[in-house]
Amino acid sequence: MTPNNIPKISIGLPVYNEEKFIQKKLESLLSLEFNDFELIISDNNSTDSTPTICQKFANQDKRIKFYQQSKNIGPWKNFGFVLEKSTSDYFVWTAADDNILPGFFEKNICVLESDSNVVCSV
């Protein structure tokens, strides 16, 4: 973490009924060499075991902030919710079935920090 304890990047993970993918996704993110992040998960009132899996991981890792919506707020608001909870200078959305390759965060942060005219990196 940076000196003021704000993580370098916020990762937004809006989810809904992702029990098939979510455990593998969380294990993958937590095993990356880059670890200066906060992971913001917003469960959109899933009807499967997604919230249970997410809560288990949040209980084990302080970088994970887990929110469970009391009713389904729709996908766009769920995406907006994780963005609003972000505390970092950098933000990225990801999905439960996305793969993030090793070095992805480091390479993108390097691009963003090397040129102040760059506001987005993929």
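**A guided tour of the predicted model**

Begin by selecting Pro 75, which counts as exposed because its relative accessibility is 51%; exposed means over 50% relative accessible area, buried under 20%, and partly exposed in between (1.4 Å probe, protein chains only). This is a predicted model, in which local features need pLDDT of at least 70 and side-chain atom pairs count only at pLDDT 80 or more, while totals for chains, interfaces and linings use all residues. Residues are numbered from 1 along each chain as its sequence is written, and side-chain values use heavy atoms, with hydrogens and water left out.

Pro 75 belongs to helix α3 (residues 75-84); helices (H or I, at least four residues) and strands (E, at least two) are DSSP runs, numbered from the N terminus.

Remain in helix α3 and select Phe 79. With 32% relative accessibility, Phe 79 counts as partly exposed. Show Leu 83 and Trp 93 as well: together with Phe 79 they form a nonpolar patch on the surface, with about 270 Å² of accessible area. Such patches are made of residues with over 30% relative accessible area and no salt bridge, with nonpolar side chains (Val, Leu, Ile, Met, Phe, Trp, Tyr) joined within 5 Å and like charges within 9 Å. A salt bridge is a side-chain nitrogen of Lys or Arg within 4 Å of a carboxyl oxygen of Asp or Glu. Accessible areas come from the Shrake-Rupley method with a 1.4 Å probe; for residues, only the protein chains shown count as cover.

Next, select Thr 94, in the loop between β4 (90-93) and α4 (104-114). Thr 94 counts as buried, at 4% relative accessibility. Its side chain makes a polar contact with the side chain of Lys 25 at 2.5 Å; a polar contact is a pair of N or O atoms within 3.5 Å, and within protein one must be able to donate a hydrogen and the other to accept it, residues adjacent in sequence counting only if both atoms are side-chain atoms.

Finally, visit two loop residues. Asn 17 lies between β1 and α1, and its phi is near 50 degrees, a positive value in a residue other than glycine. Asn 45, in the loop between β2 and α2, has a phi near 60 degrees, also positive in a residue other than glycine.
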